[in-house]
Amino acid sequence: MLFGLLAGTLDVLLLRALADGPNHGYGVARWISVATDSEMTVEDGALYTALHRLEKRGLLRASWRRSDTNRRARYYTLTAKGRRVLAEQTKVWHRSAAALFKALGRAPKGAS
Amino acid sequence: MSTSSRDGPDPTRARLERDIDDELAFHRERMKADLVARGLSAVEAETETARRFDRLQGHRDRLVQLGLRQEVLGRRRAAMEVMKSSWRSLIRDVKRSPGFVLGLVAILTIGLGVNAITYSLVDRLVLSGPSGVHAPEELRRVVLHRANRSGAQVATTDLAYLDYRDLLQARQLQGAAAESATPLLFGSGAGAERIQGLLVTATYFPLLGATPAAGRFFTAAESEQEGLRAVVLSHAFWQRRFGGDSSVIGQVWPIESNRYLVIGVAPRHFTGTRVRRVDVFLPLEAAADEQIAGRWQSSRNISWLEVIVRLRSDVGAQAAAEEATTLHRQGRASLPAADADARLELAPLSALRGATASPELGVAALVGGVALVVLLIAFANAANLFLARALRRQDQVAIRIALGGGRRRLVLEEGLEGALLATGAALVALSVAVLGARPVQTWLFPDVAWLEVPVDGRLLIGLLSFAVLGGVAAAGLPMLQVGRTDVQGWLRGGSLRMSRSRTRTQTAILVAQGALSVLLLIGAGLFVRSLAHAQGLDLGIDAGRLLVVGTLPGETPPPPEFDALLRASLDKIPGVERTTVAAGTTSFVSSWAIRLNVPGLAEKPRVEDGGPYVHAVAPGYFAVVGTSIEEGRAFTSEDREGAPRVVIVNRTMARLYWPGQSAIGKCLTLGSDESPPCSTVVGIAENARRQEIVEGESLLYYIPIEQAPENLRAGRLIVRAVDDDPNTLARIAETVRREALRLDPALRYVAARPLADVIAPQLRAWTLGAGLFSVFGVLALLVAAVGLYSVVSFDVEGRRRELGVRAALGATRATILRMVLGDALRLAAAGVVIGLALAWLLAPAIETLLYGVPPHDPGVFATVAISLFAAAVVASLLPGIRASRADPSRSLRAE
C-alpha cells in the first residue's frame with residue numbers, strides 16, 4: 001500500500017466493486033487490489049466494518065450463498081439506493097480528482 | 001443491548017457472532033488459498049494469514065456491535081412498515097367499502113357503548129361501594145331471623161329502637177348506629193319540595209367514618225333533646241338548593257311541620273350505607289315523629305329502623321354475631337311472645353341474595369349479563385364481517401403468500417387494521433356512553449344518587465384496551481384461517497377461483513348469534529308478559545284516572561269551607577269527571593286502623609296483611625274511585641251524623657268474618673268508646689288494593705266520613721279524570737295547585753299526585769326488564785339478521801357457477817330459491833335449538849323477577865322461535881331471489 005486511503009474513498013470503492021455484480025468480502029478486497037494494480041489495499045478489518053455499515057445504510061444487501069468453492073459465503077449486492085449513491089459519488093470524485101490534478105500539475109514558482 | 005442475559009446467551013447475538021465468524025473464516029481460507037497459489041508454502045501462507053488476522057480479530061467485536069444495532073433498527077423499520085401498510089389498507093377500505101367500515105363501527109359501537117354504560121352502572125352500584133365511608137368492608141347490616149305468627153322463619157332488617165340500644169352494649173363490635181329513610185317536605189309555599197330524608201343516630205357519622213364537608217354533625221344530646229332540631233344537609237342537596245353557600249349553616253328551615261337548624265353538610269357523594277339519594281340527615285330520636293307515631297322508644301313491636309355495626313379487626317364476624325344474638329335475646333326475654341330462637345345475622349351492607357339483597361344489585365347483575373351477551377354478538381359479527389372480507393380477498397392473500405409475503409406479517413397487518421377500526425369504534429362508543437350514561441342511569445335507577453361524572457377514566461382505558469384486543473382478534477383470527485389455505489394447490493389449480501362456500505367458522509358464528517338473540521328475546525318476552533300481567537291486574541280501583549290532592553296548612557289556618565270551595569271549583573275544571581273526599585286508608589297512599597269488634601265473635605280472623613283497615617268516605621266515593629258494590633248498597637247523603645250507623649265491608653272481610661252467611665245486616669262496633677253502637681253492614685265492596693299492586697288479601701271496610709271519629713273527619717280530595725291520558729292528569733294537577741293557592745295563599749304545600757305515578761315504581765322491575773330485554777333483543781336480532789343476509793349473499797355469489805349448472809340442468813327458480821332459503825332456515829333452526837336450550841336452563845334464574853308467567857312459558861318460547869325463523873326468511877329472501885333470477889348462460893360464460 002503506497003498511501004493510506006483518503007477519507008471516504010473506501011466506501012465509493014466498495015460500491016464500485018459491487019457494481020459488477022454480487023460478491024463476498026474477500027472478492028471485494030481482491031477486486032480493489034486488482035483494479036488499482038495493487039496500489040491500494042484495504043485493511044481487512046476496515047473492509048468488513050465498511051461493508052456492514054453500508055449494508056446498514058441500505059446501500060448494500062447481504063445474503064448467504066454458496067461460493068464457487070461451495071463454501072457458505074456472505075454475498076453483498078448493490079441496492080438501487082447504492083447504485084444511485086455510487087453514481088453521485090463517482091461524479092464528485094471525478095471532479096475533485098480533476099481539481100487535484102490541476103492543482104498538483106502547476107509548476108512550482110521559480111522552478112524553470 | 002442484550003436483553004435476555006438472564007436466559008443465557010442472547011440468540012440474536014449468538015447468530016450474529018456465528019455469521020461474522022463464518023464470514024471472516026471464509027475470508028481467511030480464501031486468502032490462504034491465494035497465497036499458496038502465488039507460490040508460498042503452506043506454512044508460510046499460514047503464518048502470513050495468521051499475522052494479518054491478528055488485526056482482523058480486533059474488528060470482530062465492532063462488527064458484532066454494529067450488527068446488533070442494525071438488528072434493532074431493522075425490527076423497528078419492519079414494524080413501521082406493517083403499521084404503514086395497515087393504515088394504507090384501512091384508508092383503502094374506508095374508500096372502497098364504506099359500508100363494511102360503517103357497519104363494523106356501528107356494530108362495535110353498540111356492543112362497546114352498551115357495555116360502557118353498563119359498567120358505569122355496575123361500578124356505582126356494586127364495585128365502588130358507598131362513597132365517603134371508611135372501610136365499608138368492616139360494616140355489617142343487622143338481619144333478624146325469627147319465627148312469624150304462623151311459625152315460619154322470616155328474615156328482616158327492620159328492628160325496634162330498643163333492639164338498636166341492646167347492640168350498643170356489644171363488646172365485640174366497634175359500635176352500632178341506626179338509620180331510617182323517609183320522604184319529607186322541605187321549605188314552604190312555592191319553594192316547598194319533597195325530599196328524601198335519612199334519620200340517623202348520633203353514632204352514625206362517626207361509625208361510618210365520615211367527616212363533614214362544612215359545619216359539624218350531631219352531638220348525642222342534640223340527637224335526643226327536645227326543642228329546636230338540628231339537620232345535616234347532603235352535599236348534593238346543599239349544592240342544588242343553596243348553590244354550596246356555607247352561610248346556610250346556622251339558618252333555620254321548615255321540614256314537615258317543624259323547624260330545623262342547619263348545622264352541617266355531609267361529605268361529597270355521601271349517601272349513608274346505600275347508594276340511594278339522600279337530601280337531609282335528621283337526628284333519629286329527636287325527629288322520629290316525622291317517620292313514626294306511637295311508643296317507639298319503649299315498644300319492641302314497632303320495627304322501623306335498620307341497624308349498622310362495625311366489626312372489630314381482632315374479633316371474628318361469627319363471635320360478634322353470637323354476642324349480638326345473646327344481647328338481642330336478653331333484651332326480648334321479658335316479652336310474652338318472645339321467640340327464644342331468634343338470631344341476629346351480621347350481613348354485608350348489600351348483597352344479591354338474602355335479607356340485605358338490594359333490587360339495584362339484582363338489576364345491575366342482569367343488565368351486566370345482557371350487555372355481555374350483546375358484546376359477544378357484536379364481536380362475533382365483527383369477526384364474521386372480517387372473515388367474509390378475508391375470504392373475498394383470498395386470491396390476493398394467496399398471491400402474497402406465494403410471493404413470500406409471510407403469513408405472520410399478513411396476520412399482523414390485519415390485526416393492526418382491526419385494532420385501528422375497533423379503536424375508532426371505541427371512541428365513538430365512548431362518546432355515546434358519556435352522552436347516554438346519565439339518561440340511562442336515571443331511567444333505570446331514579447332513586448340512586450349518581451355521581452356528577454357519569455363515566456370515569458378507568459372505564460376509558462379499559463374500554464380502549466378491550467376494543468383493541470377485540471379488534472385484533474376479530475380481524476386477525478380470520479386471516480389465520482385464510483392464511484392456512486394450501487397456497488400451492490390453489491395456485492397450481494391454474495385459476496385463482498376457488499370454491500367460495502361458507503367456512504365452518506362462519507356457520508358457527510351465525511348459529512351462535514341466532515342462539516344469543518333467542519336468549520335475549522325470550523327474556524324480553526317473559527318480562528313483557530309479566531308487565532302486561534301486572535298492568536292488566538284488576539286493582540279494585542281505577543288507579544289510572546285518579547289524582548290524590550294533599551295540602552298542608554301554613555301559619556294561618558285555611559279559611560273555613562276551604563275544602564268545600566276547592567271541591568266546588570275543581571268540579572268545574574275541564575278534564576275532571578267527579579271528585580270525592582276520603583280519610584283514613586286511601587289505596588296506595590295511606591293505611592289506618594281503629595278498634596273494631598264483632599259482637600259474638602270471640603276470635604277475629606286474621607290475614608298476613610294485618611288490619612282491618614278503615615276508609616272514611618263521602619257519598620259517591622265508590623263511583624269516583626271505581627270500586628263496585630257487589631252486594632247491598634253504597635253510601636248516600638242520608639248516611640250522615642246522627643243517622644243509623646252503617647258500614648260496607650270488602651269481599652275478603654265478609655267471607656272471613658261471616659263464613660257461609662251473608663254479611664249484610666250484620667253488626668260491627670267501631671271506636672274505643674265504652675259501648676259503641678252497632679254499625680250495620682249495608683254493602684259488600686269488591687276487593688281493592690291497599691298499598692301494593694301485588695299483595696295478599698286485605699281486610700278493608702268503609703264508613704261514611706260524617707259518622708267517622710273526630711280524627712277521621714279531615715279527608716283528602718280524590719279527583720277522577722275523564723281519561724287516563726298523562727297530559728290530562730298533569731293539566732288537572734297544575735290547575736288544582738293554582739286553585740288551592742288562590743283560595744288560601746298561605747298554604748304551606750299543595751300537590752295533586754296521579755295515583756299512576758305512585759304505582760309506577762312498583763311496576764319498575766317489569767318495565768325495566770321488558771324495556772331492557774326488548775331493546776337488546778331486537779338489536780341482537782337485527783344484527784344477527786344482517787349477518788345472515790351478508791353471509792347468504794356472499795354464499796350465493798360464490799356458488800354462482802354451481803347454481804348456473806343446476807339451472808342449466810333444469811332446476812326451476814323455485815327450486816333454487818327453496819335451496820337458498822332452506823339453507824338459511826337450517827342455520828336458524830340450529831340457533832333456535834341452542835337458544836331455546838340455553839333459555840330453558842337460564843330462565844329459572846329470573847323467576848323471582850317475573851309475575852304471572854312461568855319461566856318456561858311455552859307461548860313465549862314458541863313466539864321467539866317463530867320470530868327467528870321469520871327473520872331468517874326475510875334475511876335470505878333477497879339473495880335467494882337474486883340467485884334464482886341469475887341467467888345460467890351468463891354465469892357459466894363468466895367461467
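**Salt bridges, a covered strand and an interface**

In this predicted model, the side chains of B:Glu46 and B:Lys32 form a salt bridge, with 2.9 Å from N to O. B:Glu46 belongs to helix 2 of chain B and B:Lys32 to helix 1 of chain B, so the pair ties together parts that are 14 residues apart in sequence. B:Lys32 is partly exposed, at a relative accessible area of 32%. B:Glu46 is partly exposed as well, with a relative accessible area of 30%.

B:Glu46 also forms a salt bridge with B:Arg28, where the closest N and O atoms are 3.4 Å apart. Here B:Glu46 lies in helix 2 (residues 42-96) of chain B and B:Arg28 in helix 1 (residues 11-37) of chain B, so this pair ties together parts that are 18 residues apart in sequence. B:Arg28 is partly exposed, with a relative accessible area of 33%.

Another salt bridge in chain B joins B:Asp166 and B:Arg300, whose closest N and O atoms are 3.0 Å apart. How far apart in sequence are the parts that this pair ties together? B:Asp166 sits in helix 4 (residues 161-168) of chain B, and B:Arg300 sits in the loop between strand 10 and strand 11 (303-311) of chain B, so the parts tied together are 134 residues apart in sequence. Are B:Asp166 and B:Arg300 buried or exposed? Both residues are buried, which means that each has under 20% relative accessible area.

Salt bridges also link B:Glu193, B:Arg240, B:Arg241, B:Arg277 and B:Asp279 in a network. Over all chains, a search of the whole structure finds 41 salt bridges.

The next stop is strand 10 of chain B, which spans residues 280-283. In a regular strand, side chains alternate between the two faces of the sheet. In strand 10 of chain B, B:Val280 and B:Leu282 are on one side, B:Phe281 and B:Pro283 are on the other, and all of these residues are buried, so both faces are covered. Strand 5 (residues 193-200) of chain B runs parallel to strand 10 of chain B and is joined to it by 4 bridges. Within strand 10 of chain B, B:Val280 stands opposite B:Gly197. Strand 7 (residues 229-233) of chain B runs antiparallel to strand 10 of chain B, with 2 bridges between them. B:Phe281 in strand 10 of chain B is the bridge partner of B:Val232.

Chain A has 112 residues, of which 39% count as buried. Chain A contains 4 helices and 3 strands, arranged from the N terminus as α-β-α-α-β-β-α. Chain A exposes about 6700 Å², and carbon and sulfur atoms supply 57% of that area. Among contacts in chain A between residues at least 6 apart in sequence, 49% join residues at least 24 apart.

Where the two chains meet, 24 residues of chain A are in contact with 24 residues of chain B. The size of an interface is often given as the accessible area lost when the parts come together. Between chain A and chain B, the buried area is about 2300 Å², with carbon and sulfur atoms giving 54%. On the chain A side, A:Tyr26, A:Tyr48 and A:Lys56 lose the most area to chain B, together 32% of what that side buries.

The count between chain A and chain B is 4 salt bridges. A:Arg72 forms a salt bridge with B:Asp19, with the closest N and O atoms 3.4 Å apart. Helix 2 (25-35), helix 3 (44-56) and strand 3 (72-78) of chain A each supply at least two residues of the side that touches chain B. Helix 3 of chain A gives the most to that side, with 10 residues.

Methods. Residues numbered from 1 in each chain as written. Chains lettered and ligands numbered in written order. Predicted model: local features only at pLDDT ≥ 70, side-chain atom pairs only at ≥ 80, totals over all residues. Heavy atoms only, no water. Buried < 20%, exposed > 50% of the residue type's maximum accessible area, 1.4 Å probe, protein only. Pairing = 2+ DSSP bridges. Contact = heavy atoms within 4.5 Å. Areas by Shrake-Rupley, 256 points an atom, 1.4 Å probe, with all protein chains shown as cover. Buried area = accessible area lost by both parts, 1.4 Å probe.
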